Amino acid sequence: MAVCAFSIFAIVILIATELVSQSQMSWSKVGFKFFYKFNVDPTTNLPLFWDPVNGDFYALPFLYGTLVSSLVALLIAVPLAIGVAIFLTEMSPRFLRGPLSFITELLAAIPSVVYGLWAIFVLVPLLREHINPIFIAVFNNPTTVKLFGWTGLVGEDGLFGGVNLGLGLLAAGVILAIMILPIIASLTREVMSAVPHSQREAALALGATRWEMIRIAVLRNARIGIVGSVILGLGRALGETMAVAMVIGNAAEIHRSLLSTGHSMASVIANEFSEATSDMHRSALIEIGLALFLVTILVNGLARLLVWAVTRGTPARVN
Amino acid sequence: MKAGVQQNKLRSALRTMVDHIATGLAILATVLVVAPLIAIFAYLIYKGASSLNLAFFTQIPKPVGESGGGMANAIVGSGVLLGVASLLGIPVGIGGGIYLAEFGRGTRFANAVRFTADVLNGVPSIVMGIAIYSLIVFQQKHFSALSGGVALGIMMIPTVTRTTEEMLLMVPNSIREAALGLGVPTWRSVLSITLKTASPGVITGCMLAFARVAGETAPLIFTALGNQFWSTSLNEPIAALPLQIYVYAISPYDDQHRLAWAGALVLIILIVLAVSLVRYVASRGILKGAS
């Protein structure tokens with residue numbers, strides 16, 4: 001039995017050693033520059049990051065794509081998840097609790113590839129036809145540009161400039177948000193239920209309204225756990241592969257616009273690994289995998305510690 | 001005096017308003033979360049059901065351009081992969097869970113294992129795929145069903161370990177004490193008393209892990225690779241349902257899109273069945289037999 005338990009350490013060590021040894025070639029060639037350097041294309045004068053033809057591989061656009069799509073996902077998912085958790089723990093009538101938590105469980109059980117399929121055929125057209133035009137109209141109209149042009153976030157070079165394909169960083173962020181919502185919501189709910197009832201009663205006895213009670217007694221006591229669950233959701237978003245690979249547009253470029261196509265660390269591995277043109281190409285992809293492994297271990301470890309600090313005694317469950 | 005009363009009234013009206021706004025926002029958030037789920041399910045059933053037919057379950061994919069064909073090979077392939085995965089993941093996972101709950105309870109080693117299992121649960125599946133690629137595929141110089149099964153099996157281990165542990169911890173101590181009091185050796189008490197009492201819970205945990213890896217695509221792309229033809233050999237590339245859905249979803253042909261939807265519907269039905277079964281067993285009281 002102890003051997004079985006030890007196998008978990010063995011798996012982590014195995015993954016780490018395999019990734020390190022296989023990415024050796026790329027690491028010994030460019031070292032840490034892998035994560036920030038790029039070449040400039042002599043003919044077009046544009047930055048060139050990922051160049052299988054000449055054998056030059058730098059990972060900056062993938063870091064950017066992962067970071068931006070995850071941030072968009074968190075911006076959408078966190079307020080919604082906290083709202084759902086508040087509704088479920090503090091407001092919902094008893095008969096709604098069961099079905100709603102069942103639904104959140106179901107959302108967590110849908111495979112990534114099915115989310116991706118839905119995103120390609122429903123979400124992307126929806127964004128392209130109906131939602132992106134609204135953002136474009138708001139962000140790119142002359143008045144906004146005149147007022148906020150100095151921020152660099154509006155206009156043709158801004159957050160919603162460029163061609164509206166539907167595919168891109170925004171689509172990836174939205175589908176990621178839908179995917180990490182149930183994780184954040186169910187953990188936040190768990191943390192909130194762990195707040196003792198006496199705290200709520202004390203706040204109510206002092207004359208607080210329900211919202212004030214939630215703010216003073218529940219949110220304040222649960223804040224560390226909520227941060228933990230958000231970080232856990234971030235960990236999921238960083239490593240999510242298939243759904244992102246299907247909608248992010250697959251271009252190793254960096255643009256400011258959320259409508260532009262990109263590539264995330266996980267999606268580039270999924271797309272190019274089995275067709276890698278050279279050993280160097282494969283080695284560079286494995287190095288991206290190694291970076292992803294280290295980052296997710298850090299993020300998950302941190303989140304676990306935070307959630308544990310709050311719900312000590314009742315083990316936190318994510319599935 | 002009068003001004004003070006009025007101010008108080010105003011403030012309390014303001015506070016009530018804020019309370020109502022907060023309630024409204026929480027309800028709005030809930031609706032916004034439920035909406036995509038319903039949208040996904042409705043669209044999936046609508047698209048999937050109209051493309052499902054007998055051929056889907058009995059035929060292998062037709063060449064591009066010809067309509068019809070099915071995913072029989074992918075369904076069988078998924079079965080083979082999940083079989084290999086379960087053979088590896090379930091025994092090791094249950095063993096680890098038993099160790100954490102029964103033998104190593106409270107030791108520093110057990111705590112470290114528990115923490116590592118939770119962290120490992122969050123490692124992206126694609127990273128697992130690369131590791132297995134360089135461990136098996138790279139050494140053997142060819143893609144194989146075996147490597148895909150091993151990748152999925154390794155992903156099952158942390159989940160099974162943790163749920164087994166949780167279920168075993170729910171068994172009342174009096175039962176263990178009764179067994180030990182009758183002179184039963186520890187290993188015997190663990191296997192035929194504690195584990196048996198917790199078995200419905202342990203089985204549901206295994207089913208959850210199974211359902212989770214059943215939909216995994218990322219670790220299979222460069223281990224099992226996929227296959228357009230019949231193959232059940234462990235030593236050759238094999239088709240899998242999620243992999244086939246992915247390939248068809250990004251293809252430009254309408255016929256293949258239809259097959260992708262049908263495949264997604266089948267996959268979801270399997271997973272929803274598993275999850276509902278788990279909930280049903282859990283709601284009946286995991287340890288009914290014990291009390």
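**Exercise 1. Locate Lys141(B) and Leu225(B) and classify each as buried or exposed.**

Solution. Lys141(B) sits in the loop that links helix 5 and helix 6 of chain B. Helices here are DSSP runs of H or I with at least four residues, strands are runs of E with at least two, and both are numbered from the N terminus. The structure is a predicted model, in which local features need pLDDT of at least 70, side-chain atom pairs count only at pLDDT 80 or more, and totals for chains, interfaces and linings use all residues. Residues are numbered from 1 along each chain as its sequence is written, while chains are lettered from A and ligands numbered from 1 in the order in which they are written.

Next, apply the burial cut-offs: a residue is buried if 20 or more other C-beta atoms lie within 10 Å of its own, exposed if 12 or fewer, and partly exposed in between, with C-beta atoms placed from the backbone. Lys141(B) has 6 other C-beta atoms within 10 Å, so Lys141(B) is exposed. Its phi is near 70°, a positive value in a residue other than glycine.

Leu225(B) belongs to the loop between helix 9 and helix 10 of chain B. Leu225(B) has 21 C-beta neighbours inside 10 Å and therefore counts as buried. Its phi is also positive, at about 70°, although Leu225(B) is not a glycine.

**Exercise 2. Describe the fold and extent of chain B.**

Solution. Start with the element count: 11 helices and 0 strands. Then take the overall spread. The radius of gyration of chain B, over C-alpha atoms, is 25 Å, well over the 19 Å from the globule rule for 291 residues (2.2 Å times the number of residues to the power 0.38), so chain B is more spread out than a compact globule. The C-alpha trace spans about 85 × 65 × 35 Å along its principal axes. Of the 291 residues, 50% are buried.

Now divide the chain. The assignment, automatic or from a database, gives domain 1 (2-51) and domain 2 (58-290). Their centres, over C-alpha atoms, are 37 Å apart. Counting a contact when C-beta atoms, placed from the backbone, lie within 7 Å, 6 residues of domain 1 of chain B touch 7 residues of domain 2 of chain B. The domain 1 side consists of 3 nonpolar, 2 polar and 1 charged. In these classes, Ala, Val, Leu, Ile, Met, Phe, Trp, Tyr, Cys and Pro are nonpolar, Asp, Glu, Lys and Arg are charged, and the others, Gly among them, are polar.

**Exercise 3. Which helix of chain B gives the most to the side that touches chain A?**

Solution. The interface joins 71 residues of chain B to 67 residues of chain A. Several helices of chain B each supply at least two residues to it, including helix 3 (72-103), helix 6 (145-169) and helix 11 (254-283). Helix 1 of chain B gives the most, with 18 residues. By class, the chain B side has 51 nonpolar, 14 polar and 6 charged residues.

**Exercise 4. Find which residues touch the most other members of the largest nonpolar core.**

Solution. A nonpolar core is a set of buried Ala, Val, Leu, Ile, Met, Phe, Trp, Tyr and Cys residues joined through C-beta atoms within 7 Å. The largest has 195 residues, and Ala119(A), Ala171(A), Ile175(A), Leu181(A) and Val247(A) touch the most other members. Helix 7 (residues 169-193) of chain A provides the largest share, 18 residues. Domain 1 (2-51) and domain 2 (58-290) of chain B both give residues to this core, so the core lies between them.

Take Ile175(A) as a check. Beyond its neighbours within four places in sequence, Ile175(A) contacts Tyr115(A), Ala119(A), Leu123(A), Ala243(A) and Val247(A).

**Exercise 5. How many of the residues of helix 11 of chain A are buried, and what covers them?**

Solution. Helix 11 (residues 265-272) of chain A has 7 of its 8 residues buried. Among them are Met265(A), Val268(A) and Glu272(A). The cover includes helix 3 (60-91), helix 9 (210-239), helix 10 (242-247) and helix 12 (279-310) of chain A, together with helix 5 of chain B.

Finally, check confidence. The mean pLDDT (the predictor's confidence in each residue, from 0 to 100) of chain A is 88, and 97% of its residues reach 70 or more. Over residues 314-319 of chain A, pLDDT is below 50.

Methods
Contact = placed C-beta atoms within 7 Å.
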